[in-house]
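Take a walk through this model, one region at a time. Keep the sequence beside you as you read.

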Amino acid sequence: KNLNKVLYFQGREALMDLIYFKIFKSNKVHNELVELIEIFKEKNIPEMPLNATILMEKYQIPKGKELGNKLKAIEEIWTSNNFKISEKDVQKILSN
């Protein structure tokens, strides 16, 4: 789960560096780490399902600081929930 966040926020190269460093630091190669390399080598980086344009058009959120704050709050919930967010969660964030 945390590795997915590293992939999203830091990118594939940073994630691979982290896994390779873990292998380097250990005295032996763990099969789990080798498997992670294979998994994340091809894994798509998650894309947030909402963006500023959608919030402005669909939810009438005005351009500016409020829009940025709402997007950041949505992103935090989305990443914490394994890159899933419900319409109910979005509505709750937007109503605050």
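Leaving aside its neighbours within four places in sequence, which residues is N4 in contact with? They are F40, K43, N82 and F83. Contact here means heavy atoms within 4.5 Å. N4 is found in helix α1, residues 2–10. Helices (H or I, at least four residues) and strands (E, at least two) are DSSP runs, numbered from the N terminus. N4 counts as buried because its relative accessibility is 11%. Buried means under 20% relative accessible area, exposed over 50%, and partly exposed in between (1.4 Å probe, protein chains only).

A word on the source. This is a predicted model, in which local features need pLDDT of at least 70 and side-chain atom pairs count only at pLDDT 80 or more, while totals for chains, interfaces and linings use all residues. Residues are numbered from 1 along each chain as its sequence is written, and side-chain values use heavy atoms, with hydrogens and water left out.

Rings of Phe, Tyr and Trp (its six-membered ring) pair if their centres lie within 6.5 Å; planes under 30 degrees apart count as stacked, over 60 as edge-to-face and the rest as tilted. The count by this rule is four aromatic pairs. Take Y8 and W78. Their ring centres are 5.1 Å apart and their planes stand at 80 degrees, so this pair is edge-to-face. Y8 lies in helix α1 and W78 in helix α5, so the pair ties together parts 70 residues apart in sequence. Both Y8 and W78 are buried. W78 also pairs with F83: the centres are 4.9 Å apart and the planes are at 85 degrees, so this pair too is edge-to-face. F83 is buried, as is W78. Ring pairs link Y8, F9, W78 and F83 into a cluster.

E75 has its place in helix α5. Its neighbours within four places in sequence aside, E75 is in contact with Y8, F9 and M48. E75 counts as buried because its relative accessibility is 13%. S80 is also in helix α5, but S80 is partly exposed, with a relative accessible area of 44%. S80 and K92 are twelve residues apart in sequence, and their C-alpha atoms are 16 Å apart in space.

Now follow helix α5 to its partner. Helix α5 (residues 65–80) packs with helix α6 (residues 87–95) at an angle of about 145 degrees, and their axes are 10 Å apart. Axes are lines fitted to C-alpha atoms, for helices over the stretch in contact, and angles run from 0 to 180 degrees between N-to-C directions. Which residues meet in α5 and α6? K70, A73, I74 and I77 in α5 meet D89, V90, I93 and L94 in α6.

Last come the cores. A nonpolar core is a set of buried Ala, Val, Leu, Ile, Met, Phe, Trp, Tyr and Cys residues joined through side-chain atoms within 4.5 Å. The largest has ten residues: L50, L55, Y59, I61, L67, L71, I74, V90, I93 and L94. Helices α4 (52–59), α5 and α6 each supply at least two residues of this core. Apart from it lies another core, of eight residues, including L15, I23, L33 and I37. Back in the largest core, look at Y59. Leaving aside its neighbours within four places in sequence, Y59 is in contact with I54, E87, V90, Q91 and L94.
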